[in-house]
Amino acid sequence: MQIIVHSIWWSSIALEALLLLRAVRTKLNFSYPFFYVYVSFVLGQSFLRLGVYHYRPGLYSYVYWTTEFIGVVVGCGIVYEIYQLGLVSFPGTARMARRLLTILFAMAVAKAIADASNDPRWWAEATVIDIERAIRTVQALAIAALVAVFLVYAIPFGRNLQGILLGYGMFIGVSVIWFTFLPAEGYQYQHLWSYLGPATYDFALSIWVVYLWSPQSQTALVPDMRLEEQYQRVAARTRRRLQEARGYLGKVMDP
């Protein structure tokens, strides 16, 4: 099993390094900054954990769960970026989606912290797992909703963004399935995630290397504008109702 763990670990390092080097060469790191920040963080996190494990083993648990939490938060930036670039031709819809995602992520974190606040392992394993479960679920729902919008409105998205969406969506999907079956008490099967999680991430990295090998402009694609038109109609209707409500309230308050 140790051979398998080390093989997965080193293959992740190699794929991450290849992905980042290729990004610098093709300048894709400027097109997808949040995504490459996430990959860079995971790469640096691997060496940090390795160093702490060998030289300060007493701090390993704290470092592991702290970096795990930061990684989940940084991963939220990928979802924002997918929405921003996928809906680049629909600024109103993208703005509304970003606000909704912010609210959902904040609610997920607040609920997870509230649920874990009475656990004796506060801010360690229990809290991070609860937060990760909540945020991963929101991420999965957000990605599924975006895919549905892409399909319903036939919105084109480039090969690069498609690869990011496919790889990260698969990783998030497996994470949500795992957390769904993770026992509520004891987490006795948690060690299995040390194999399943990195293996799934390796597969996602392989997808990213293939799909992000060469750049493709997202803005060069011609979209169907029905989605933005529907958003503008809903927004205009909402503004009219707010104005009517303010006018009615002004009449009521006027002595």
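Guide: Let us start with Tyr-60, which is partly exposed, with a relative accessible area of 26%. Keep in mind that this is a predicted model.

Visitor: Why is Tyr-60 called partly exposed?

Guide: Buried means under 20%, and exposed means over 50%. The value for Tyr-60 is 26%. That lies in between, so Tyr-60 counts as partly exposed.

Visitor: What makes the rings of Tyr-60 and Tyr-64 a tilted pair?

Guide: Two values describe such a pair: the distance of the ring centres and the angle of the planes. For Tyr-60 and Tyr-64, the centres are 6.0 Å apart and the planes are at 35°. Rings pair if their centres lie within 6.5 Å. Planes under 30 degrees apart would be stacked, and over 60 edge-to-face.

Visitor: Where do Tyr-60 and Tyr-64 lie?

Guide: Both are in helix 4 (residues 60-86), four residues apart, about one turn of the helix. An α-helix has 3.6 residues a turn, so residues three or four places apart point the same way.

Visitor: Is Tyr-64 buried, partly exposed or exposed, and how do you know?

Guide: Its relative accessibility is 22%. Buried needs a value under 20%, and exposed needs one over 50%. Tyr-64 therefore counts as partly exposed.

Visitor: How many aromatic pairs are there by the ring rule?

Guide: The count comes to 10 aromatic pairs. In one of them, the rings of Tyr-53 and Tyr-60 have centres 5.4 Å apart and planes at 75°. An angle over 60 counts as edge-to-face, so that is the name for this pair.

Visitor: Which residues form one aromatic cluster?

Guide: Phe-35, Tyr-36, Phe-171, Tyr-201 and Trp-208 do. Phe-35 and Tyr-36 are also among the buried residues of helix 3.

Visitor: What span is expected for helix 3, and what does the model give?

Guide: Helix 3 (residues 33-55) has 23 residues. At 1.5 Å a residue, 33 Å is expected. Helix 3 reaches 32 Å from its first C-alpha to its last, close to that value.

Visitor: Why are helix 3 and helix 4 called roughly antiparallel?

Guide: Their axes come within 9 Å and cross at roughly 170°. Angles over 145 count as roughly antiparallel. Helix 3 and helix 4 therefore get that name. The residues that meet include Tyr-38, Phe-41 and Tyr-53 in helix 3, and Tyr-60, Tyr-64 and Ile-78 in helix 4.

Visitor: What makes Ser-12 buried?

Guide: Its relative accessibility is 8%. The limit is under 20%, so Ser-12 counts as buried. Ser-12 is found in helix 1 (residues 2-26). Leaving aside neighbours within four places in sequence, Ser-12 is in contact with Pro-198, Tyr-201, Asp-202 and Leu-205. Tyr-201 belongs to the aromatic cluster too.

Visitor: Is Lys-27 buried or exposed, and how do you know?

Guide: The relative accessible area of Lys-27 is 53%. That is over 50%, so Lys-27 is exposed. Lys-27 is found in the loop between helix 1 and helix 2 (28-31). Its phi is near 65°, a positive value in a residue other than glycine. Most residues other than glycine have a negative phi.

Visitor: How many helices and strands does the protein chain have?

Guide: The protein chain has nine helices and zero strands. Of its 255 residues, 40% count as buried.

Technical notes:
Residues numbered from 1 in each chain as written. Predicted model: local features only at pLDDT ≥ 70, side-chain atom pairs only at ≥ 80, totals over all residues. Heavy atoms only, no water. Buried < 20%, exposed > 50% of the residue type's maximum accessible area, 1.4 Å probe, protein only. Helix = DSSP H or I, 4+ residues; strand = E, 2+ residues; numbered from the N terminus. Expected span 1.5 Å × (residues − 1). Contact = heavy atoms within 4.5 Å. Axes fitted to C-alpha atoms, helices over the stretch in contact; angles between N-to-C directions. Parallel < 35°, antiparallel > 145°, perpendicular 65-115°, else oblique.
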